[in-house]
Amino acid sequence: MASNLSEIRGQFPFLKETVNGHPLIYLDSAASSQKPARVIGRMSRFMESEYANVHRGIHLLSERATAAYENARTSVAKLLNAPREEEVVFTRGTTESVNLVANTWGRENIKPGDTILLTEMEHHSNLLPWLKLARDADANVEFVPVLENGVALDLDSARRLLAKGPKLFAFVHIPNTLGLENPAADLCAWASASGTTTFVDGAQSVGHQPVDVQEMGCDFLACSSHKMCGPSGIGALWGRHEILSAMPPWQYGGEMVDRAYYDKPATYREPPARFEAGTPPILEAAGWAEAIAFLNDTGLEAIREHSVSLANAAVQQLQKIDGLRIFGPVARQAGLVTFSIEGVHAHDVAFFANERGLALRAGHHCAQPLMRMLGSPSSSRASFYLYNQPSDVDALVAILHEAVAFFR
Amino acid sequence: MDNELYQAVLMQHSKQPRNFGPLENPTHAADGHNALCGDEISVALRIDGNTVAEAKFTGSACAICTASASIMTGEVKGLTCDAVQTLAGNFRALLKDGTGPELPKKLEVLSGVHQFPQRVKCAALPWETLVSAMQSPVG
């Protein structure tokens, strides 16, 4: 990818922005990614000549919109190597996908005394819906521990806790804080040996590297368009067909109903329609499909290698800064670096960096319990994606040296 | 730019905050946090009658929040609770507009914050925690 980096960068209009005369360097893709011109153009064209509501009109524009919307489902299914397209449910994003499963499958299947297994490295979105479900269902929650300094998930404990046969194991594939990748296929294999249903949070992995739900062997996987060059407001829940088919609806209204009556219960459609009440994110689906085509053209393996190599370069240089602590493994498995600097608060670092054109993340990264446990309620994060270049790492390092001199 | 926000006096307060540390036998206390950026601060008070006799703070916060807490704890000592409430209101106005009625000179060092909306919460957090502490007797 290094050879065509300038061509890739040329496709991202945001790179023309400046801050106080400095070129904008975006190191916050783990929060949300930037959009290439072809996604922006696709969404404009869609609104100009293809837009209408989906699935219910018989006029030209409705046909075009329905085709675009369903083609997007095909794109997502292929991206995940899903066995069936109907297994892809469009949601508002990963968070809504978790809430959907917690409120449907969870309410049907989690009984008093059951155990929900999570890990200590979950984003709030794959933590709070399960904790609420467990409280309501009078179920137990257990956590697979994280090793010292967040270098890895404690796999021995994971194996032991999974052998006890929890009802559900929900875990993050790539956490948004630690720069590591959990061995999802192993974890799912151990889980299914105990009859445990698995839910994978793929928000940081899908669109950043190849992800194959069949190879992984999970039962559910959630992801978001906006993390992979697509628009915000849409994401997906993938679930095994037999599980989705047995799940009750979540939200009720148009589109999800089969037959409706005044005086007796309605009947509901098969998945995915059953879980897509109301007018869905149509425009966003068209944009997301274009983003997926763009990522496929670039190559997901190449994107991963590029992002991880930038993160490794950052780790090498950041380690030399006095009092700087990096969370997670030294050898990066994902393209981000979270760190804290003794005597310099993360919020000041992010402000100081922004004045020089560098977009960093500061705070708890929506993983408060994890960061508290690691002893750093507030830290900075630099995350890399396909539009970042090696000189971005140099700029990061130079600005951090400057910040240390200023604040300490 | 940095210098408008991080004035020299402010940086002194941030690097060597006054009234930082635990207060023995507080009568009132409260914790505050800024979920967005991770500022965490605790304010402890000793209120005699209707007067703030002692004010200290602890926690882990950014330069703006730490400096604001340092200046605040110095300013409110000796004031009545009503006067502290008034001052807190005037300080809020300063953060909103860059000017506030009847503000002690020392607080003016934070007048530049209003130009940086994302930092207003940092400067305001100690005061919000202080007001909350005045309503929260210990024990």
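**Interface, cores and salt bridges of the A–B model**

Between them, chain A and chain B bury about 1,600 Å², 55% of this area being on carbon and sulfur atoms. Of the area that chain A buries against chain B, 38% is supplied by His347(A), Phe351(A) and Phe406(A), more than by any other three residues. The model is a predicted one. Contact across the interface involves 16 residues of chain A and 22 residues of chain B.

Polar interactions between the chains were also counted. There are 6 residue pairs in polar contact between chain A and chain B, both residues being at pLDDT 80 or more. The elements of chain A that give two or more residues to the side touching chain B are α13 (346–355), β16 (361–363) and α15 (390–407). The largest share of this side, 5 residues, comes from α13(A). By residue class, the side of chain A that touches chain B divides into 6 nonpolar, 6 polar and 4 charged residues. The count of salt bridges between the two chains is 1. Arg119(B) and Asp348(A) form a salt bridge, with 2.8 Å between the closest N and O atoms.

The largest nonpolar core contains 75 residues, and Leu318(A) and Ile64(B) have the most contacts inside it. When neighbours within four places in sequence are left aside, Ile64(B) is in contact with Asp348(A) and with several residues of chain B, including Leu5(B), Tyr6(B), Leu110(B), Arg119(B) and Cys122(B). The largest core has 75 residues; apart from it lies another core, of 73 residues, among them Ala65(A), Phe169(A), Val211(A) and Leu386(A).

Over all chains, a search of the whole structure finds 23 salt bridges. One of the pairs is formed by the side chains of Asp297(A) and Arg38(A), at 3.0 Å from N to O. Asp297(A) lies in helix α11 (residues 282–298) and Arg38(A) in helix α2 (residues 37–49) of chain A, so this pair ties together parts that are 259 residues apart in sequence. Asp297(A) is exposed, at 59% relative accessibility, whereas Arg38(A) is partly exposed, at 28%.

A salt bridge also joins Asp136(A) to Arg107(A), the closest N and O atoms being 3.2 Å apart. Asp136(A) belongs to helix α6 and Arg107(A) to helix α5 (residues 105–109) of chain A, and the pair links parts of the chain 29 residues apart. Relative accessibility is 42% for Asp136(A), which counts as partly exposed, and 40% for Arg107(A), which also counts as partly exposed.

The side chains of Arg240(A) and Asp219(A) meet in a salt bridge at 2.8 Å, N to O. Arg240(A) is in the loop between β10 (235–239) and α10 (241–246), and Asp219(A) is in the loop between α9 (213–216) and β9 (220–224) of chain A, 21 residues apart. Asp219(A) is buried, at 12% relative accessibility, while Arg240(A) is partly exposed, at 27%.

Ser125(A) is placed in the loop between β5 (115–119) and α6 (128–137). With a relative accessible area of 10%, Ser125(A) is buried. Apart from neighbours within four places in sequence, Ser125(A) is in contact with Thr95(A), Val98(A) and Asp201(A). Asn4(A) is found in the segment before α1 (5–9) and is partly exposed, with a relative accessible area of 28%. Asn4(A) and Leu310(A), 306 residues apart in sequence, are 16 Å apart in space, C-alpha to C-alpha.

Conventions: Residues numbered from 1 in each chain as written. Chains lettered and ligands numbered in written order. Predicted model: local features only at pLDDT ≥ 70, side-chain atom pairs only at ≥ 80, totals over all residues. Heavy atoms only, no water. Contact = heavy atoms within 4.5 Å. Buried area = accessible area lost by both parts, 1.4 Å probe. Salt bridge = Lys/Arg side-chain N within 4 Å of Asp/Glu carboxyl O. Polar contact = N/O pair within 3.5 Å; in protein donor to acceptor, adjacent residues only side chain to side chain. Helix = DSSP H or I, 4+ residues; strand = E, 2+ residues; numbered from the N terminus. Nonpolar A, V, L, I, M, F, W, Y, C, P; charged D, E, K, R; others polar. Core = buried A, V, L, I, M, F, W, Y, C linked by side-chain atoms within 4.5 Å. Buried < 20%, exposed > 50% of the residue type's maximum accessible area, 1.4 Å probe, protein only.
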